[in-house]
Amino acid sequence: MEQFIRIKGARVHNLKNVNVEIPRNALVVFTGPSGSGKSSLAFDTLHAEGQRRYLESLSNYARQFLGELKHPDVDEIDGLSPVIAIDQKTVSHNPRSTVGTVTEINDYLRLLFSRVGTPHCVKCGRTLEKQSIDEIVERIEKDYSGRIIILAPLIIEKKGEYKNLFEYLKRRGFLRVNIDGNDYSLEEEIKVEKQVRHTIKLIVDRLKVSKENHQRLVESIEIALKEADGKVEIMDYEDKSIQYFSEKLACPVCGISFPELSPKLFSFNSPYGACPACGGIGYTLEVDENLVIDPDKTIRDGGIVPYKGGKAFVIDIIEKMIKQMGENTDKKIKEMSPKVRKAILDGGPGFKGLKDHLMDRYRYSDSEEIKEWIEKNFLVQKTCSLCHGKRLRDEALTVTFREKNIAEISDMTIKESYDFFNNLELSQKEESILKEILMEIKRRLKFLIDVGLDYLTLSRAASTLSGGESQRIKLATQLGSRLVGVLYILDEPTIGLHQKDTDRLIKMLEDLKELGNTVIVVEHDEQVIKSADFAVDIGPGAGENGGNILYAGDVKGLISSDTLTGKYLSKRLTVPIPAKRRNSNEFLRIKGITHNNLKSVDVSIPLGTFTCVTGVSGSGKSSLVMETLYPVLMNRIYKTHLPHGTYESIEGSEKIDKVILVDQSPIGRTPRSNPATYTKAFDGIREIFALTEEARIRGYTPGRFSFNVKGGRCEACAGQGVIKVEMNFMPDVYVECDVCNGKRYNKETLEVKYKGKDISEILEMSVDEALRFFSDIPKITAPLKALQDVGLGYIRLGQSATTLSGGEAQRIKLSSELRKISTGKTLYILDEPTTGLHFHDVKKLVNVLQKLVDKGNTVVVVEHNLDVIKNADYIIDLGPDGGENGGQIVAQGTPEEVTKSSKSYTGMYLRQILNEEMVGC
């Protein structure tokens, strides 16, 4: 078998025709400065070729639906195994996706509850028991006095055409069926859609409940129970309400029957199991009256916030309603009677109410922009009042196993779940049923613990996970699959990991390798680099200055090499410790925080300093900063209504006039968003093109050079340069538009040139190139210089937002904030800004953050990187561990003071790095 993966002549993006041999069945690290070409080699060359070869292995029929994947610009790749990429950019934004569904543990839990769960009555909580025919008839005669329809449920939410079933029923002499709520005669030809889920009920009889019809009722119930395997439904002829009865499970006191115990009953992604109020999401979106009404203004002058322009027809309707109710429309809303104020929101004569009006627009509008505008500005998430956030219908939540329902088990931390299942004592019958199920559940939970995610819960929404957490979940899932002979490519799996947890991650990567796989990790973390069998250092710089293989060999050789990475690993270069720490007499204090796992902590942040919030993964950093401090300050300063963690009091917020969050959320979700448009540099570029002689002759305005509006853009791809191909069972793929060849514009627009280059060629420039090209135009160079200052000189102006890492997106946002005029009273909050940064780029980032503080601002950074932490003026260290064992402040003070704490893991690692550098000095 081939011993190496050989890459010859790779020229993807900035790679300079590189050749490299990578040993198979080894742990390999790709490192080098940010933007040097690591991802181009790992993902855009190796993974792209692996994906292309996989698609080529499919039949021609399958490939016609998937489109063509372009061959990466490489001469040859030998020894390539099937490739699985575990990157940062695939955090699910689906509100239905949870840790339990992603890891498939939920599937096994659903199976467990459907096989050995004990159902209880929804109403009285008694353990459910079977009902006899006599009991069912007695209940019907007690509950009904009018006409009823007796139904036998044959098919529940299953796909198919069911022609044979209809023929069978017709031969048996039955006359009618109810399909998806509609009645059909079996005499007519019934056609149902094969690929749609259907519910089919046999209409056994229609009768009036009376003494005379007692025998007929008994016979009809017997027939229904026989046809529907012990189940029968009774529909009230008048109000169409349905009552369920079963020979199998029912409450002896309340008479309430229970649906069949099947795995789909415990799935919040199935209509059979989902809470009917929230549809299985756990929360509802509701209009917040504080966001839609400004009580200090009149209706016409902006009191109705969504229509504060005053010209909308809705304003006319509201005013007409108010006049009908005898109120003066010229009054401020707060001066109107409570009855009128309620009518504005909930409805009155001739108007359904502002809440229902906005919800209807949100639900039924065809415009995504309008939906986004309403959701962002006027809706708030509220925990579902029916299921209380548990996502499931009452019937599912009343089924218990060892006195716990499935939601209670899902709300445990991974570690608590593992202990629960590991310490079970089973009967012989349970052992025979659950042996395989429990083995799978425990195995998957153990893998999650091994990657340092023991503090998460199975019910945690996937959309709330960081890129690193999401990656490690996928890594645990892959370990669980136990594949052999695969090439795994990981993109910075240490994101969000404390040094204490990195050792466990390295052990997992080695376990993957020991199974017989090749593991390539794109990484900057010193611990991971030093643990690798083989290292590839790419550089020497970023963008056009990178793309060369500087070193390929063992790690010992890399440390002694003369590359930038080698110099930092050997401590010949370091991120320097500041000469002195800043002090402050003014503090922002927030007391009694009890959000998530925080144990009523009191936090004091010194104003005008650089503060780092540290701690192991899951210790409560995000709960403190992102979910409590940030929304509380936003609500106080900007009068927003963001949900926030519970706290007792806050002091010192009046000393801050601005709060800015710079997080890792994408700058856009489609290829339309890019660094040029986000930083507004593209506005100046379009204006320059509109001023060229050719553009003026043709009458082109700056709008002609926008790829977001009709006119100058390529209409085949609507100015995106790529066409989205939905892959169904794989992530969506973007394929280059074959009309404009990825240039985004039509032929006429591309004929206009500035300094010999068309608008498409400008978008292909890196930030560094564009700075030189537009050196004499401040409107363009100012935002570009800010990008360069945060180490993003290598990214292309038109680089799609979908290809940017979380760290790159965060630094683009940071560059935009740097350009704004600072008041000196701004609080900047950053969430792990070192994501994707090489040691040398961390040095640049630290300089930028220090400059912000030098202007009098306060910077609060949630971070694990020791080079950033050692530069802080003040550290707030949470822990000691994650989940329930965290949530306390274990140390606070200057870095030197934190190193003296015996409880602080951060202090322990910080002590090592400070001592090393003191020795180096």
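Predicted model: local features only at pLDDT ≥ 70, side-chain atom pairs only at ≥ 80, totals over all residues.

**Entry: the negative patch**

Which helix gives the most? I found that α5 does, with four residues. I then listed the members of the patch: Glu129, Asp134, Glu135, Glu138, Glu141, Glu219 and Glu222.

I located Glu219 in helix α7. Its relative accessible area is 42%. That value lies between the 20% and 50% cut-offs, so Glu219 is partly exposed.

**Entry: salt bridges inside helices**

How many salt bridges does the count come to? I noted 52. I looked up a few of them.

I stayed with α5 for the pair Asp143 and Arg139. Their side chains meet in a salt bridge, at 3.2 Å from N to O. I checked where the two partners sit. Both Asp143 and Arg139 are in helix α5, four residues apart, which is about one turn of the helix. Is Asp143 buried or exposed, or something in between? Asp143 has 35% relative accessibility, so I wrote it down as partly exposed.

Next I went to Lys785 and Asp789. This salt bridge joins their side chains at 2.7 Å, N to O. I placed both residues in helix α30, which covers residues 778–789. I looked up the exposure of each partner. Lys785 is partly exposed because its relative accessibility is 40%. Asp789 has a relative accessible area of 32%, so it is partly exposed as well.

**Entry: a buried pair and a network**

I moved on to Lys870. Which residue does Lys870 form a salt bridge with? The partner is Asp867, and the closest N and O atoms are 3.1 Å apart. I wanted to know how covered this pair is. Buried means under 20% relative accessible area. Lys870 comes out at 0%, so it counts as buried. Asp867 comes out at 13%, so it counts as buried too.

I also found a salt-bridge network. Shared partners join Glu49, Arg52, Arg53 and Glu56 into one network.

**Entry: Ile7**

I found Ile7 in strand β1, which spans residues 4–10. Its relative accessible area is 1%, so Ile7 is buried. What does Ile7 touch, leaving aside its neighbours within four places in sequence? I listed contacts with Val18, Asn19, Val20, Ile22, Leu41, Leu46, Val74 and Glu76.

I then compared sequence and space for Ile7 and Glu654. The two are 647 residues apart in sequence. From C-alpha to C-alpha, Ile7 and Glu654 are 59 Å apart in space.

**Entry: Lys580**

Where is Lys580 placed? I traced Lys580 to the loop between α22 (564–569) and β18 (587–593). Exposed means over 50% relative accessible area. Lys580 reaches 72% relative accessibility, so it counts as exposed.

Terms used:
Residues numbered from 1 in each chain as written. Heavy atoms only, no water. Patch = residues over 30% accessible without salt bridge, like charges linked within 9 Å, V, L, I, M, F, W, Y side chains within 5 Å. Areas by Shrake-Rupley, 256 points an atom, 1.4 Å probe, with all protein chains shown as cover. Salt bridge = Lys/Arg side-chain N within 4 Å of Asp/Glu carboxyl O. Lys, Arg positive; Asp, Glu negative; His and termini not counted. Charge placed at Lys NZ, Arg CZ, Asp CG, Glu CD. Helix = DSSP H or I, 4+ residues; strand = E, 2+ residues; numbered from the N terminus. Buried < 20%, exposed > 50% of the residue type's maximum accessible area, 1.4 Å probe, protein only. Contact = heavy atoms within 4.5 Å.
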